Amino acid sequence: MCQDCGCSMTHDHHHDSLHTNPQLNDKKTLSVIHKILDKNDVEAQHNRDHFEKNGICAFNLMSSPGSGKTTLLEHLVDQTDMKYAVIEGDLETSRDADRLIAKGINAYQIQTGSACHLDAFMVHGALHHVELEPLDICFVENVGNLVCPASYDVGTHKNIVLLSIPEGDDKIEKYPVMFRRADLVLITKSDLQQHFDFSVESAKAQLAKLNPDVQVMSISVKEPQSLQPLVDWLATQQAGLKQQLAEQA
Amino acid sequence: MHEYSIVTALIEQCETLGAENQAKAITRVEVKIGMLSGVEPALLSQAFETFKLDGICANAQFNMQIQPLVLQCHQCGQTSEQTERTIICSHCQSNNTQIIDGEDMMLMQLEMDT
């Protein structure tokens, strides 16, 4: 209900005239130009500093639910000597962290309640529960969602986006912001390719329009050798960061 | 629905700026929303109307400027504006471009009663 005359209109139909009348109000216009998520970005940089102080390269894993983020992290441990921990984000349960801990991987679960994404503050809280010193790399496994997590820098160095064969190659076009943010796209469950119409070529063509510098790899945990290029990529990123930090020192 | 979290951050920013400028009320909030910022403008506006109620923005008008992609081409050197979600230069079809606008969410201007 309108606050001025009690009519049933809810929009501010009276206010415009008030606004333009300089007699009634002393108006001040302030040009600001601030990033709306500035506070998050500052905290994200703080998280990156935490990682870098320990020489850790951090990766933000994003995808829709069920595309194989946790499964990949469960299997990666058998393929690499690099020590890693995982910060897990889910709305409810600590199942994912439990799965990783059962494999001997250090994992900490964030339960977001109803939040559809992780932000830098949540990750910062979790970082204080993870022993960083022994680590080479760290994964932040975001909430399964191809939309919201793309808008938030959580303080990692690189974004890895997973897209599983059963989801279909059209997801790149449908969720452009997420795939635009990716440094690496992993096409997962590639052992299922013969059963689906997923075209890797068409996925790559879509990515070329949106994010030409992105790397693309097809992987399947059922074919452990397919993880090797990923292991190499992670090691290259880690080495690159270490060199960068050495040059700054 | 991360628009609610974004609006919460925006209103916090307005409150800080309002206090710094001894504003009694904020009457207009201008934001610029990039086409590739990952935000749905209609939801953002709805979230603002919901969350503004108790605070300094209670009577604020919310104006959104939707920013198309602006590409700087490293091949032909020209800039172009894109309303589609592609980074291909519309002058020379190169993909060797850089997005110089259209990926961010910015608070641009506040009008306040002082």
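This is a predicted model: local features need pLDDT of at least 70, side-chain atom pairs count only at pLDDT 80 or more; totals for chains, interfaces and linings use all residues.
Residues are numbered from 1 along each chain as its sequence is written, chains are lettered from A and ligands numbered from 1 in the order in which they are written, and side-chain values use heavy atoms, with hydrogens and water left out.

Reader: How many residues does the contact take from chain B and from chain A?

Author: Contact here means heavy atoms within 4.5 Å. By that rule, the count is 36 residues from chain B and 34 residues from chain A.

Reader: Which residues of chain B lose the most area to chain A?

Author: Three residues of chain B together account for 15% of what that side buries. They are B:H2, B:Q13 and B:L36.

Reader: Which residue of chain A forms a salt bridge with B:D113?

Author: A salt bridge is a side-chain nitrogen of Lys or Arg within 4 Å of a carboxyl oxygen of Asp or Glu, and the rule finds five across the interface of chain B and chain A. For B:D113, the closest N and O atoms of the pair are 2.9 Å apart, and the partner is A:K27.

Reader: Which element gives the largest share of the side of chain B that touches chain A?

Author: Helices (H or I, at least four residues) and strands (E, at least two) are DSSP runs, numbered from the N terminus. The elements of chain B that give two or more residues to this side are α1 (3–20), β1 (25–34) and β6 (105–113). The largest share, nine residues, comes from β6(B).

Reader: In β6(B), what is the bridge partner of A:S31?

Author: Two strands pair if DSSP finds at least two bridges between them, and β1 (residues 27–35) of chain A pairs with β6(B) in the antiparallel sense over seven bridges. Within β6(B), A:K28 has B:M112 as its bridge partner, while the partner of A:S31 is B:Q109.

Reader: Which strands stand at the edges of the sheet of four strands, and why is one side of each left without a neighbour?

Author: The four strands form an open sheet with mixed pairing, in the order β1(A)-β6(B)-β1(B)-β2(B). Each edge strand has a single partner strand, so one side of it is left without a neighbour in the sheet; these strands are β1 of chain A and β2 (61–67) of chain B.

Reader: What angle does the direction of α1(B) make with that of β6(B)?

Author: Axes are lines fitted to C-alpha atoms, for helices over the stretch in contact, and angles run from 0 to 180 degrees between N-to-C directions. Helix α1(B) packs on the sheet, touching β1 of chain A together with β1, β2 and β6 of chain B, and its direction makes with that of β6(B) an angle of about 40°.

Reader: Which are the edge strands of the sheet of seven strands in chain A?

Author: This open sheet is parallel in its pairing and runs in the order β4-β3-β5-β2-β6-β7-β8. The strands that pair on one side only are β4 (106–111) and β8 (215–218) of chain A.

Terms used: Buried area is the accessible area (1.4 Å probe) that two parts lose on being put together, summed over both.
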